[in-house]
Amino acid sequence: MSWVLGVDSGGSGVRIALGSTAPTGTADSTAVAVTTAGTIVSTEPVRTGPTGIDAGHLLGQLLPAAQALLARSGADALSAVAIGAAGMATLGDGLRAELPMALERALGVRRLALAADAVTAYAGALGQRPGAVVAAGTGMIALGTDLRRWRRADGWGHLLGDCGSGAWIGRAGLEAAMRAYDGRRGGSTALLSRMELAFGPAMELPGLLYPRTDRPAVLASFAPEVARCAADDPVAEGILATAARHIAEAAAAVCPPSVECEVALTGGLFELGDPLLVPLRAELTDQLRHATTVSAAHDPLAGALLIAAALATDSLRLPQDPRMLNVPTQHDR
């Protein structure tokens with residue numbers, strides 16, 4: 001038995017899980033069995049600064065949690081650690097530079113994977129088999145692989161992309177509300193009423209929204225209101241139909257070009273239910289005729305544990321990539 005650690009760092013905080021892994025007893029070289037032995041959750045998101053994700057802040061949460069989990073389980077050493085972090089692909093240079101040596105010194109860990117959160121979402125949803133995953137919440141990213149390389153679509157943030165995400169839906173709903181307030185075409189009085197209940201008078205919304213540093217989350221908080229109006233309001237229904245088209249386009253861009261492709265949907269956005277899922281299923285059928293939509297098996301934290309377990313058992317099959325899934329060697333330390 002080997003002990004492994006999985007970390008999921010995102011906008012709502014950091015989750016750290018200890019797991020044990022053992023041979024699966026099957027002939028499938030991509031199968032990894034891992035059992036969770038304990039989890040610690042911090043609701044404090046890791047800071048970012050001019051140099052990217054703050055490695056010291058992450059270590060300040062990770063190391064005490066890891067030591068507590070090891071002590072609680074009676075484990076004496078870790079075989080591998082996998083860290084999935086939001087922003088790893090574009091803001092992770094500091095983590096890639098500092099974490100390998102820091103974790104080796106503090107925990108004796110020599111096997112480490114540093115992954116974009118989309119990769120751990122993929123591993124949690126589909127494991128180590130080819131396919132595509134759409135991870136959608138406040139933001140939205142699609143990731144696919146044929147186990148040779150990664151294909152990515154969107155995930156560019158609420159100003160440049162994240163099309164179809166919670167922030168995108170919420171912003172479109174608020175725009176429709178403001179159009180109704182102005183008397184412009186394309187407005188929705190139903191969404192205007194919901195907006196004023198949630199945020200107050202329309203005239204005050206810009207002053208409330210623009211100074212916020214968490215604007216994407218504030219925008220996304222209005223997405224459920226758009227979904228609630230969709231059954232009776234054609235503007236809200238149209239917003240969700242357009243969001244579904246954007247999500248399906250991202251999935252189509254990353255799905256491996258094969259006879260059959262599994263597409264998994266994961267993330268809080270899909271809790272909006274049928275107002276989004278019905279048009280999304282139709283769009284996926286239309287745009288991805290060779291694909292099958294499947295349920296995500298597990299969440300990103302389980303995906304991080306799976307990657308760590310695969311490292312510990314020399315069975316990692318997901319493609320390594322300097323920014324998407326980085327496995328530092330001794331030479332890199």
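User: How many aromatic pairs does the structure hold?

Analyst: A pair of aromatic rings is described by the distance of the centres and the angle of the planes. Rings of Phe, Tyr and Trp (its six-membered ring) pair if their centres lie within 6.5 Å; planes under 30 degrees apart are stacked, over 60 edge-to-face, the rest tilted. This structure holds 2 such pairs. Tyr122 and Trp150 have ring centres 5.4 Å apart and planes at 85°, so they form an edge-to-face pair. Tyr122 belongs to helix α4 and Trp150 to strand β10, 28 residues apart; helices (H or I, at least four residues) and strands (E, at least two) are DSSP runs numbered from the N terminus. The model is predicted: local features need pLDDT of at least 70 and side-chain atom pairs 80 or more, while totals for chains, interfaces and linings use all residues. Residues are numbered from 1 along each chain as its sequence is written, and side-chain values use heavy atoms, without hydrogens and water.

User: Are Tyr122 and Trp150 buried or exposed?

Analyst: Buried means under 20% relative accessible area, exposed over 50%, and partly exposed in between (1.4 Å probe, protein chains only). Both Tyr122 and Trp150 are buried.

User: What is the geometry of the rings of Phe199 and Phe222?

Analyst: Their centres are 6.2 Å apart and their planes at 50°, so the pair is tilted. Phe199 lies in helix α6, whereas Phe222 is in the loop between α8 and α9, 23 residues apart. Phe199 and Phe222 are both buried.

User: Which residue lies over the face of Trp156?

Analyst: A charge sits over a ring if NZ of Lys or CZ of Arg is within 6 Å of the ring centre and within 35 degrees of the ring normal. Here Arg152 lies over the face of Trp156, 3.9 Å from the ring centre.
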